[in-house]
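Here is a short briefing to read with the structure open beside you.

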Amino acid sequence: IAYKSSSSFCPRPHNCLRHTFHTSRTANPSLPLYLPLQASMAMSESDVKAWADEFLDAMSAPVDWTRLQNLMSKRCTVEMPNEPKCKKFEDFQKKNAEFLNWFKGSKRAVPKGANIIVVPAKKDEVDVIVPEQCKFTWTKDLGERYPNVNMASGDKAKVIIYNRLKLNAKKECTWFSPLFFHGDFKNQDRAEDDDTAVHKMYQALDAGTADELMGEEIKAEMPVAGKMNKEQLLQVFANFKECKRTVVPGLAPVSMPTGKDEIHEAIMPCAYQFKWAASLNELFKVEIADGSEVELRSYDQLTIKSGKLIGFQGFFDPATCIKPVKKSGAA
């Protein structure tokens, strides 16, 4: 499996990863390697991971606003759920310092088994989703803010959050919009729900019975491939042969009401396992053998209105998020 190249010319064949890969493929065509040619990005995956680790640590209790200020642009736009947009870091701090302190003793981390997804954006930016499990002690203030949550002050609580970010080449955040829903606050000893409306929508996609859960029109987008309509999206899914969709380990879908026209914003952390169709190579600008068993991880961003899907954006980088399925017993 490798990124397509615009040319077969290789000026340094002895130390070129692409050359090494194709040589090994010639020797053993069934070799289960995934070796994309890395596109230039504003921040590398390792840089983003280091940034995210520091960000989650700074957001944990007590919140370290000095460290956050170093990680975020002065003019960082922040959109908290169902709150007016903040257009400066100082406004974000003023409006949310007290609220974040209500998450007593909070510890924030990427759940085990989950991953940070980085997608190339503009020349000097990357789009990022950092999944987070926040564990904390429920407080009286949170109870007053969210009276419908059945928790008592002092309870050990948790919640899944998807931190949507834009990071620039200066390693600064220029946009931050966490997605979480207060209905997902639960005791730490409770398992994540597995029968939500989003789960059922993806089960219906697997079963081929999702028509009644889809709007007449869907505004869709896939990485590299770009914008598409409902019919084009369904055609892409039709090329995911023998597809099985599961939730990425350690995570759960989040669906947040926007307060407008029965519209929900949602993220489904989906692991697609399927047999690759050669027609997908041109769509995603990769080279994967027809029939290869692969896993694609995506944090699908959904817009749902009155229970029907009206917006879909796959969030993944084909160069890093499509991998061979490891056979059981393989090393």
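Predicted model: local features only at pLDDT ≥ 70, side-chain atom pairs only at ≥ 80, totals over all residues.

**Aromatic pairs**

- An edge-to-face pair is formed by Phe240 and Tyr272, with ring centres 5.6 Å apart and planes at 85°.
- This pair brings together distant parts of the chain, 32 residues apart: Phe240 belongs to the loop between helix 7 (230-238) and strand 11 (241-247), while Tyr272 belongs to strand 13 (residues 263-275).
- Phe240 counts as buried because its relative accessible area is 4%, under the 20% cut-off.
- Tyr272 is likewise buried, with a relative accessible area of 2%.
- Ring pairs also join Phe99, Trp102, Phe103, Phe136, Trp138, Tyr146, Phe180 and Phe185 into a cluster.

**Charges over rings**

- Arg108 places its charged end over the ring of Phe103, 5.6 Å from the ring centre; Phe103 is one of the members of the aromatic cluster.
- Arg245 has its charged end over the ring of Phe237, at 5.0 Å from the ring centre.

**Salt bridges**

- As background, side chains of opposite charge can pair when their charged atoms come close.
- Asp53 and Lys49 form a salt bridge in which the closest N and O atoms are 3.0 Å apart.
- Asp53 and Lys49 are separated by about one helical turn because they lie four residues apart in helix 2 (residues 45-59).
- Are the two partners buried or partly exposed? Asp53 is partly exposed at 38% relative accessibility, and Lys49 is partly exposed at 46%.
- Arg145 forms a salt bridge with Glu83, and the closest N and O atoms are 3.2 Å apart.
- That bridge connects distant parts of the chain, 62 residues apart: Arg145 lies in helix 5 (residues 140-145), and Glu83 lies in the loop between strand 2 (72-78) and helix 4 (89-101).
- Arg145 counts as partly exposed at 35% relative accessibility, as does Glu83 at 40%.
- Asp127 and Lys166 meet through their side chains in a salt bridge, with an N to O distance of 2.6 Å.
- Here too, distant parts of the chain are linked: Asp127 is in strand 5 (residues 125-137) and Lys166 is in strand 6 (residues 156-168), 39 residues apart.
- Lys166 is partly exposed, with a relative accessible area of 26%.
- Glu54, Asp57 and Arg67 are joined in a network of salt bridges.

**The largest cavity**

- The largest cavity holds about 110 Å³ of space.
- Its lining is made of 14 residues, and those closest to the centre are Met59, Leu100, Arg108, Ile161 and Phe180.
- Which element gives the most to the lining of the largest cavity? Helix 2 does, with three residues.
- By class, the lining of the largest cavity has eleven nonpolar residues, one polar residue and two charged residues.

**The largest pocket**

- The elements that give two or more residues to the pocket lining are strand 4 (117-120), strand 5, strand 6, strand 7, strand 9 (214-222), strand 13, strand 15 (293-305) and strand 16 (308-313).
- The lining of the largest pocket divides into 27 nonpolar, nine polar and eleven charged residues.

Notes:
Residues numbered from 1 in each chain as written. Heavy atoms only, no water. Phe/Tyr/Trp six-rings, centres within 6.5 Å; stacked < 30°, edge-to-face > 60°. Buried < 20%, exposed > 50% of the residue type's maximum accessible area, 1.4 Å probe, protein only. Lys NZ or Arg CZ within 6 Å of the ring centre and 35° of its normal. Salt bridge = Lys/Arg side-chain N within 4 Å of Asp/Glu carboxyl O. 1 Å grid on protein atoms, 1.4 Å probe; cavity = no way out; pocket = protein on both sides within 12 Å on 5 of 7 lines; lining within 4 Å. Points joined across faces, edges and corners; volume = space filled by probe spheres on them. Nonpolar A, V, L, I, M, F, W, Y, C, P; charged D, E, K, R; others polar.
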